[in-house]
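I opened the model to look up a few side chains. My notes follow.

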Amino acid sequence: GCRCRMKTPLALQAASEEVRSAAIKRLLEVFGMEDPPAVHGHKQPPQYMLDLYNTVADVDGVTKDPYLLEGNTVRSFFDKLHSEQVEFKFNLSTVARSEKVLTAELHLFKLRPQGTITFSRHHFCQVSVYQLLDIGKTNSTQTKKLLSSRLIPVHSAGWEVLTVTQAIRSWVADEGSNLGLHVVVRTLEGSQTDLKLIHFASGRHHHQSKLPMLVLFTDDGRRSAALEMLVKSSRTARSPHYSEEEGRSKPCQRLPLYVDFEEIGWSGWIVSPRGYNAYHCKGSCSFPLGQNMRPTNHATVQSIINALKLIRGIETPCCVPDKLFSINLLYFDDDENVVLKQYSDMVAGSCGCH
């Protein structure tokens with residue numbers, strides 16, 4: 001007898017481990033991942049990405065305004081060349097082909113001019129960014145293609161943003177065509193300027209906060225299946241231990257349900273939030289359903305049929321989320337890039353009888 005009693009907790013433990021790993025795998029799927037990203041020690045996320053996250057999300061990660069972001073994913077990449085010249089290369093292997101590239105921006109930090117500016121009758125210079133082409137693949141003899149160009153003040157310092165969407169779209173479609181970007185600075189007369197006068201921070205000598213960066217706004221096309229999952233799980237939520245009295249005691253309402261990323265072991269790769277309140281819906285939907293229960297017409301009819309006991313086996317309607325909000329995650333991917341992603345239908349905004 002003694003041996004059996006010893007085994008039971010172990011069996012339970014094994015089952016719960018199994019359930020735990022299956023549950024975490026399923027949660028990763030909700031977040032669009034197969035495996036959790038590798039943790040590379042604590043790097044500092046780019047300030048731009050932190051600011052963007054704080055613009056679109058509140059403290060708990062819940063979306064402030066669903067129309068602020070064009071797509072549902074923003075990715076940042078650092079230059080892999082670290083060259084002295086104004087050439088940049090970004091590894092886009094983490095972008096899925098199915099992702100729709102909406103906008104791509106090259107962010108360069110312009111440093112203050114060194115020395116005296118001799119050429120400057122003008123207060124502006126022209127900055128152009130080109131996509132480097134593979135002559136073997138194209139019919140033309142052109143080695144580069146102009147993507148965008150703008151005038152910037154000679155004496156300024158700070159971030160400059162150039163649009164490079166065309167190049168990124170072609171690179172996502174064909175990874176082999178990614179030969180990088182080339183930036184050219186000219187005076188207004190058209191001659192190339194001295195790099196000492198107009199120069200941008202490079203990956204070699206400058207602080208991490210000023211590194212050249214590519215920012216990609218994409219949409220991964222996932223309008224979540226989380227809603228269906230929620231509705232299904234609420235249908236089967238009645239456990240055998242559920243007494244009718246208990247259910248009837250409190251009407252359908254929204255209650256807290258905090259998801260803690262640290263507890264799941266995800267705090268190493270998620271920058272923000274530390275967790276979020278998903279909320280859950282609980283309580284009875286018994287006759288008569290008041291308007292405060294936000295019932296659908298169907299639920300109202302079902303509760304009447306249930307109350308009249310006209311047909312056997314008709315349950316009372318279910319207490320389920322009837323408004324869902326999205327949340328935002330700021331995290332490091334496998335390649336140490338910082339990604340901001342918006343996930344729809346993650347928070348129960350209100351509950352009703354359905």
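Is Arg 75 buried or exposed? I found Arg 75 buried, because its relative accessible area is 7%. My cut-offs: buried means under 20% relative accessible area, exposed over 50%, and partly exposed in between, with a 1.4 Å probe and protein chains only.

Notes on the source: this is a predicted model, where local features need pLDDT of at least 70, side-chain atom pairs count only at pLDDT 80 or more, and totals for chains, interfaces and linings use all residues. Residues are numbered from 1 along each chain as its sequence is written, and side-chain values use heavy atoms, with hydrogens and water left out.

I placed Arg 75 in strand 1, residues 73-78. Helices (H or I, at least four residues) and strands (E, at least two) are DSSP runs numbered from the N terminus. I then looked for contacts, meaning heavy atoms within 4.5 Å. Not counting residues up to four places away in sequence, Arg 75 touches several residues, including Thr 94, Glu 99, Leu 216 and Asp 333. The side chains of Arg 75 and Glu 99 meet in a salt bridge at 2.7 Å, N to O. Glu 99 sits in the loop between strand 2 (87-88) and strand 3 (100-110), so the pair ties together parts that are 24 residues apart in sequence. Glu 99 is buried too, with a relative accessible area of 7%.

**Other salt bridges.** The structure holds 5 salt bridges. The term means a side-chain nitrogen of Lys or Arg within 4 Å of a carboxyl oxygen of Asp or Glu. I looked up the one between Glu 160 and Arg 150, whose closest N and O atoms are 3.1 Å apart. That pair links distant parts of the chain, with Glu 160 in strand 6 (residues 158-163) and Arg 150 in strand 5 (residues 144-153), 10 residues apart. Glu 160 is buried at 12%, whereas Arg 150 is partly exposed at 34%. I also noted Arg 26 and Glu 29, bridged at 3.1 Å, N to O. Both lie in helix 1 (residues 2-30), 3 residues apart, about one turn of the helix.

**Helix 2.** Which residues are buried in helix 2 (residues 47-56)? I listed Met 49, Leu 50, Leu 52, Tyr 53 and Val 56.
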